[in-house]
Amino acid sequence: MSSSRVGLRLAACLLNISEARRKYIVENIAKAALLDKNGKKHPQVSVLNIFSDQDYNRSVITTAASVDKLVDKCNQA
């Protein structure tokens, strides 16, 4: 696996939510993690995994993004 940018820095984020029984809610939250405030997809953000435990009604959504993109987003807030 190679990258056109040497030294690309990534950050992984784990979104823990108290919902697992209503799959559409978990999926909508995962989709929202990919979008900017205008509803367009961030090109450098990915959902890596969604784990849901229906017995405990908890889900974990694992996302990854460019650190540069996260810094830009935080500076806009």
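Residues are numbered from 1 along each chain as its sequence is written, and side-chain values use heavy atoms, with hydrogens and water left out. Because the model is predicted, local features need pLDDT of at least 70 and side-chain atom pairs count only at pLDDT 80 or more, while totals for chains, interfaces and linings use all residues.

The predictor's confidence in each residue is given as pLDDT, from 0 to 100. The protein chain averages 83, and 79% of the residues score at least 70. Helices (H or I, at least four residues) and strands (E, at least two) are DSSP runs, numbered from the N terminus.

Strands of a sheet pair through backbone hydrogen bonds, either parallel or antiparallel. Here three strands form an open antiparallel sheet in the order S1-S3-S2. Strand S1 (10-17) and S2 are the edge strands, each pairing on one side only. Two strands count as paired if DSSP finds at least two bridges between them; eight bridges join S1 to S3. In one of these pairings, Cys 13 has Thr 63 in S3 as its bridge partner.

The loop between S2 and strand S3 (58-66) contains Asn 57. This residue is buried, because its relative accessible area is 16% and buried means under 20%, with exposed over 50% and partly exposed in between (1.4 Å probe, protein chains only). Asn 57 touches Ile 17, Ser 18, Glu 19, Ala 20 and Arg 21, not counting residues up to four places away in sequence; contact means heavy atoms within 4.5 Å. The side chain of Asn 57 reaches the backbone nitrogen of Ala 20 at 2.8 Å.

Key
Polar contact = N/O pair within 3.5 Å; in protein donor to acceptor, adjacent residues only side chain to side chain.
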